[in-house]
Amino acid sequence: MSGAGTAGRRRPLPNGRAVVGTFLIAAAATIVLAAWLSATGNHGRHWVVVGRSLAAGARLGPSDLRTETMTLPNDTAASSFASPGALVGRTLAAPLSAGEVVQQSMLVPVGRQPALRPVTVSVSPADASDLSAGTLVDLLETSGNGPSARTSVVLRGARVIGVAKPGSSFIDSSTATLVTLGVDSLAEIEAVVHAEHTAAVSVVTGEPSDGTGLGAGR
């Protein structure tokens, strides 16, 4: 009959090879996408930390350093190191605890390696705001409170080796700045450590007329 509809041809179903091929292509695309997401995701970077606790004045060696994967704030990352090789042979200006990130402010500047014996004190951020490596300072201690408080000189003409300013790594920016001083003798180290543990200490910029060494009565 003219005008009668005719059934259209049925499309053949894909054979087994075509199905397997399509599956493999999809699987490969999934793997590539997962790899890309892993590479571009925020999984942190390698940063250099110290493998053990170190005192100020310690010279860093390969065995002192390792890398840890972490995400750092931008300002901290800008002064931190991705490769241990850049730090071997450098000298610490402040003590570091095991696992602490090494930052530029914690190192003695290149060319200013300390010939003096280092000792570190905690002072207020205001006291340390104008200090830098090489500055000469006097160290004072204040004991007691109110009208009975007494301030005396612990050390005159000590040279600043380094300053770990507030906001550096794990230092509590609300309470203290670590200032590493270079001194000549064990007696001076003893006086500084004693003041650190028994009184409130502060530093002021020194003057040549102040002289050097221990304060009066020490």
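These questions and answers go through a predicted model of one protein.

Q: How many helices and strands does the protein have?
A: Along the sequence, the elements follow the pattern α-β-β-α-β-α-β-β-β-α-β-β. The secondary structure comes to 4 helices and 8 strands.

Q: What share of the residues in the protein is buried?
A: Buried means under 20% relative accessible area. The protein has 218 residues. Of these, the buried share is 33%.

Q: How much of the accessible surface belongs to carbon and sulfur atoms?
A: The accessible surface of the protein comes to about 13,100 Å². The part that belongs to carbon and sulfur atoms is 57%.

Q: Among contacts between residues at least 6 apart in sequence, what percentage join residues at least 24 apart?
A: Contact means heavy atoms within 4.5 Å. Take the contacts in the protein between residues at least 6 apart in sequence. Those that join residues at least 24 apart make up 66%.

Q: Which residue meets Asp64 in a salt bridge?
A: The structure holds 2 salt bridges. One of them involves the side chain of Asp64, with an N to O distance of 2.8 Å. Its two residues are 12 residues apart, both in the loop between strand S1 (45–50) and strand S2 (65–70). The partner of Asp64 is Arg52.

Q: Is Asp64 buried or exposed?
A: The salt-bridge partner of Asp64 is Arg52. Arg52 has 45% relative accessibility and counts as partly exposed. The relative accessible area of Asp64 is 4%. The cut-off for buried is under 20%, so Asp64 is buried.

Q: What is the N to O distance in the salt bridge of Arg66 and Glu68?
A: Side chains of opposite charge can pair when their charged atoms come close. Arg66 is partly exposed at 34% relative accessibility. Glu68 is partly exposed too, at 31%. The N to O distance between their side chains is 2.8 Å.

Q: How far apart in space are the C-alpha atoms of Ala56 and Val119?
A: Ala56 lies in the loop between S1 and S2. At 14% relative accessibility, Ala56 counts as buried. Beyond its neighbours within four places in sequence, its contacts include Leu92, Pro118, Thr120 and Thr180. Val119 is 63 residues from Ala56 in sequence, yet the C-alpha to C-alpha separation is 6.9 Å.

Q: What is the relative accessibility of Val49?
A: Val49 is found in strand S1. Leaving aside neighbours within four places in sequence, Val49 is in contact with residues including Asp64, Leu65, Met70, Gly99 and Val102. Val49 counts as buried, with a relative accessibility of 0%.

Q: What separates the C-alpha atoms of Val49 and Glu100?
A: Glu100 is among the residues in contact with Val49. Along the chain, the two are 51 residues apart. Their C-alpha atoms are separated by 5.2 Å.

Q: Which residue in the turn of the S4 and S5 hairpin has a positive phi?
A: Strand S4 (residues 136–143) and strand S5 (residues 150–164) pair in the antiparallel sense over 7 bridges. They form a hairpin with 6 residues between them. A positive phi of about 85° in the turn belongs to Gly144.

Q: Which residue in S7 stands opposite Glu141?
A: S4 also pairs with strand S7 (residues 200–205), in the antiparallel sense over 6 bridges. In S5, the bridge partner of Glu141 is Ser152. In S7, Glu141 stands opposite Val201.

Key:
Residues numbered from 1 in each chain as written. Predicted model: local features only at pLDDT ≥ 70, side-chain atom pairs only at ≥ 80, totals over all residues. Heavy atoms only, no water. Buried < 20%, exposed > 50% of the residue type's maximum accessible area, 1.4 Å probe, protein only. Areas by Shrake-Rupley, 256 points an atom, 1.4 Å probe, with all protein chains shown as cover. Salt bridge = Lys/Arg side-chain N within 4 Å of Asp/Glu carboxyl O. Pairing = 2+ DSSP bridges.
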